[in-house]
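User: I am new to this structure and would like to learn how to read it. Please show it to me, then take me through its features.

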Amino acid sequence: MNDDEKGKRFLELIDEQNNVQWSIVAKLTSLISSNWNSPDVQKELEELVEKHTSITKELNSLDENSSIL
């Protein structure tokens, strides 16, 4: 992957990560409102955190030589 492709992918991942972060905040708000008693929201939150972790790992792998940050 050349630097232009890495840069484009980096920006896509940042955008996706931002959207996931907002979703995590929304789920946490919902979970707090339910007094932490919503297994469905807990499961959705776990999945969002896993997705965020995956995106972060890919972001870090794109910049293994500190070339785009």
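Analyst: Start with contact, a term used throughout: it means heavy atoms within 4.5 Å. Note also that this is a predicted model.

User: Which residues does Gln 17 touch, leaving out those up to four places away in sequence?

Analyst: Gln 17 touches His 52, Ile 55, Thr 56 and Leu 59. Gln 17 itself sits in helix α1, which covers residues 3-33.

User: Is Gln 17 buried or exposed?

Analyst: Buried means under 20% relative accessible area. Gln 17 has a relative accessible area of 12%, so it counts as buried.

User: Which other residues of α1 are buried?

Analyst: Besides Gln 17, the buried residues in α1 are Lys 6, Phe 10, Leu 13, Val 20, Ile 24 and Leu 31. Their cover includes α2.

User: What are the buried residues of α2, and what do they pack against?

Analyst: In α2 they are Val 41, Leu 45, Leu 48, Ile 55, Leu 59 and Leu 62. These buried residues pack against α1. Two of them, Ile 55 and Leu 59, are also among the residues that Gln 17 touches.

User: How many helices and strands does the chain have, and is it spread out or compact?

Analyst: The secondary structure comes to 2 helices and 0 strands. The radius of gyration is 15 Å, well over the 11 Å that the globule rule gives for 69 residues, so the chain is more spread out than a compact globule. Along its principal axes, the C-alpha trace spans about 45 × 15 × 15 Å.

User: What share of the chain is buried, and what share of the contacts with a separation of 6 or more joins residues 24 or more positions apart?

Analyst: Buried residues make up 22% of the 69 residues. Of the contacts with a separation of 6 or more, 65% are between residues 24 or more positions apart.

How values were computed. Residues are numbered from 1 along each chain as its sequence is written. This is a predicted model: local features need pLDDT of at least 70, side-chain atom pairs count only at pLDDT 80 or more; totals for chains, interfaces and linings use all residues. Side-chain values use heavy atoms; hydrogens and water are left out. Helices (H or I, at least four residues) and strands (E, at least two) are DSSP runs, numbered from the N terminus. The radius of gyration is taken over C-alpha atoms; the globule rule is 2.2 Å times the number of residues to the power 0.38. Buried means under 20% relative accessible area, exposed over 50%, partly exposed in between (1.4 Å probe, protein chains only).
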